[in-house]
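Here are my notes on this one, as numbered points. Have the model open while you read.

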Amino acid sequence: MWVRGAIDLLFPPQCANCDAIGVGVCAACVPERCDALHAEAGAGLPVLAFGAYENALRRAVLALKDGRRDVADSLARRLATLLEPNRALVPVPTTAARRRVRGLDGVAEIASIAASISGGRSHPVLVQRAGDAQRGRTRRERLATRDRFACRSGIEIPPSVVLIDDVCTTGATLRDCRIALEAAGTYVSGAVVVAAAKSGAACLPQQNSC
Ligand SMILES: [Zn+2]
């Protein structure tokens, strides 16, 4: 622990977007509350996003993907403002290989922190069957891919859950997770994500107070 403290003293953590000293992402770069975006995309369920996947929020998500735990904490606090209290959350899983490389499953971390803030619980019940199957695929190819996720066997899943992810692009990942959960008899009432890509053609941003 003292090693971490000494490193922080020598190289104080900075905002993921600007050079402000502090952990995570600062409130000047990404406000702590938002006008949520509604992104229906191809997920087949209502998707709420804290913001658009651009500028400071995009850089924060990329820092999360690089394994910055302080950024996960910052983003989780913001995502939690979009959650109804006491919900069961299911994080979209990353592959074991990526988790090993980064040392952190950022989405699982966000779901866990957001659950503790909102009085809910995170249930990491999904596993990804293939590797990073969506990377490099076109929108059409992504939407045509199915069966990438499955529920862990032998783990009890709540009857109603909310999916949590970092970015919604085409909605195909959320859709596949929804299908896997529904196959296990669970109702997926919606998804809450950190950011929605406006390039996902079916994402329809509209303002909503939250
Ligand atoms: Zn900043």
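1. Some ground rules first. Two strands pair if DSSP finds at least two bridges between them; strands (E, at least two residues) and helices (H or I, at least four) are DSSP runs numbered from the N terminus. Residues are counted from 1 along each chain as its sequence is written. Bear in mind that the model is predicted: local features need pLDDT of at least 70, side-chain atom pairs count only at pLDDT 80 or more, and totals for chains, interfaces and linings use all residues.

2. Which strands pair with S8? Strand S2 (residues 47-52) runs parallel to S8, joined by five bridges, and Ala49 sits opposite Val193 of S8. Strand S7 (residues 160-168) is also parallel to S8, with eight bridges; there, Ile164 has Val192 as its bridge partner.

3. S8 itself (residues 187-196) is mostly covered, with seven of its ten residues buried (20 or more other C-beta atoms within 10 Å of the residue's own, C-beta atoms being placed from the backbone).

4. Now the helices. H2 (residues 55-65) packs on H3 (residues 69-80) at about 130°, axes 8 Å apart. Axes are lines fitted to C-alpha atoms over the stretch in contact, and angles run from 0 to 180 degrees between N-to-C directions.

5. What meets what? Ala60, Ala63 and Leu64 of H2 meet Val71, Ala72 and Leu75 of H3, contact being C-beta atoms, placed from the backbone, within 7 Å.

Definitions and conventions: Two residues are in contact if their C-beta atoms, placed from the backbone, lie within 7 Å. A residue is buried if 20 or more other C-beta atoms lie within 10 Å of its own, exposed if 12 or fewer, and partly exposed in between; C-beta atoms are placed from the backbone.
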